[in-house]
Amino acid sequence: KTLMRNILDILYQYEIAMDGEEEEDLNSDPRQSTESSQSRGGEQEPNEEEEMNPDGSGSGNDDNQEEGDPNGETSGGGSSGDGDGKDETDVDDIEMNMESKDSSENASSNAEEEEKQKEREKKEMVEKMMEDFKEQWEPAVDKLEKASKAFEGLDLNDLTEGPEGFDLSKGLWQVTGWEEMEKLRKKLQDLKELRDIVRSLGRGSGRGPLKRAPRQRERNRFPEGLTRSPMEPEQTSGLTRSDDISRVLPAELQLLAMKDSAAARRLHFARRAERTLATYERVGWAETPAVTVEGFETRPAAECGPIIVCLDTSGSMMGARETVAKCMTLECARQARTTNRPCFLYAFSGPGDCMELELKVSAKGLSDLLTFLEGSFHGGTDVDEPFERALARLDTEEWENADILLVTDGEIKPMQEDLLDALDDRKSERGLKVHGLVVGEQGNPEVIESLCTHTHNFRSWSAVL
């Protein structure tokens, strides 16, 4: 909305400048016409005075004819005097015409110069306004580009801040964690094991009954999606042309079985070489890096359950471990966005220090995420409080199918017995899965095993360092 307002302001200022120029042209035209008419009137007045002047040619002839002698000597002199007066008048007319012409040329030249000056001023005004516009919006556009790379299918409406739309003076656009997010996004391109872990979270696993869902196409370096793939054949969807002998139709094999017909056998081998054998089309659905494209398709689209992340932000997680933890947080937010499921973060350190953050792509959610990614880890380790809050969240209808992801270096104390029993009950009765991502050497492997149903040891250190 602010962007449109600035554009309209530019157009409004330009329109005012154009209207002002038109008004000046209209005001200048009558003056020019008046000056030209006066000039023409000045040139004609001597002719009228010549007719009334008693020394002029007409009256001079009459006087000479009346007063001259019968021989006409005086009339000849009068005729000569008349020619001299006419010559002087013609010279005056020429001089006045030349002066009028010079003045009109000077006025025309001045008008053209003024018009060029106005054009230069208007051009400078527009260039200045465009420079100001660029200076104001270029940082925001750069941040929008980073956000669109991090989150596939980003809608600008998700980042508006209330009815006022974009406000570059506060909120999301003043947070300084954009560069950190861009660095983590680039590192995630080489951290496939983190993507695989996040993809396995949430009960549902991306399978279920067939239904219409947005079409997805495989593309590297994008969040995980569900694409049609012949590498995992699960169903026969029709007929196709290929060289796969395991799916070939009986009619094609009949050509091969004709031992008495060499032509039939050569036809079979030619089709096989050209990959044009009539075969059954068997495809399945594979979870691969994919991008959402236009249109819909019928595919397994059961929604995966939500994700609850318990992230260790103690002082022992500083350095490369902190980078891995932040990469995992960003990947959880990205895949939650792609699969349209909730994701919640509990960032814990010492007792009473547990920060809650909803990983949602919105103006507030992204602002909080950037602030978290820019911060540093410090403090002790108390795993009880985040798990207690996570279990309370699992009691709600929206989060009942969620899984828990624990990211830690393993240097944690044992959980309280009553809280551990409640966690085990959720595992056995509701199928809760607790995944543990251990970054670094396991400090207390027994504690990790008591908490987690699945343990993952991070190994891709070369992509982080």
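This is a predicted model: local features need pLDDT of at least 70, side-chain atom pairs count only at pLDDT 80 or more; totals for chains, interfaces and linings use all residues.
Strand S8 spans residues 403-408, and six of its six residues are buried, so the strand is largely enclosed by the rest of the structure. Asp 403, Leu 405 and Val 407 point to one side of S8, while Ile 404, Leu 406 and Thr 408 point to the other. Two strands pair with S8. Strand S5 (residues 307-312) runs parallel to S8 over five bridges, with Cys 310 standing opposite Leu 406. Strand S9 (residues 434-438) also pairs with S8 in the parallel sense, over five bridges, and here Ile 404 stands opposite Val 434. From S8 the chain passes through helix H11 (residues 417-430) to S9, forming a right-handed β-α-β crossover.

His 456 lies in strand S10 (residues 454-457). With a relative accessibility of 22%, this histidine counts as partly exposed. Beyond its neighbours within four places in sequence, His 456 is in contact with Ile 197, His 435, Gly 436, Leu 437 and Val 438. The side chains of His 456 and His 435 are joined by a polar contact of 3.0 Å. Val 438 is 18 residues from His 456 in sequence, and the C-alpha atoms of the two are 6.1 Å apart.

Helix H4 comprises residues 178-188, and its buried residues are Trp 178, Met 181, Glu 182, Leu 184, Arg 185 and Leu 188. Viewed down the helix axis, these buried residues fall within an arc of 165°, and they therefore line one face of H4.

How values were computed
Residues are numbered from 1 along each chain as its sequence is written. Side-chain values use heavy atoms; hydrogens and water are left out. Buried means under 20% relative accessible area, exposed over 50%, partly exposed in between (1.4 Å probe, protein chains only). Helices (H or I, at least four residues) and strands (E, at least two) are DSSP runs, numbered from the N terminus. The arc is that of the directions from the helix axis to the C-beta atoms. Contact means heavy atoms within 4.5 Å. A polar contact is a pair of N or O atoms within 3.5 Å; within protein, one must be able to donate a hydrogen and the other to accept it, and residues adjacent in sequence count only if both atoms are side-chain atoms. Two strands pair if DSSP finds at least two bridges between them. A crossover is right-handed if, with the strands pointing away from the viewer, the path from the first strand over the helix to the second runs clockwise.
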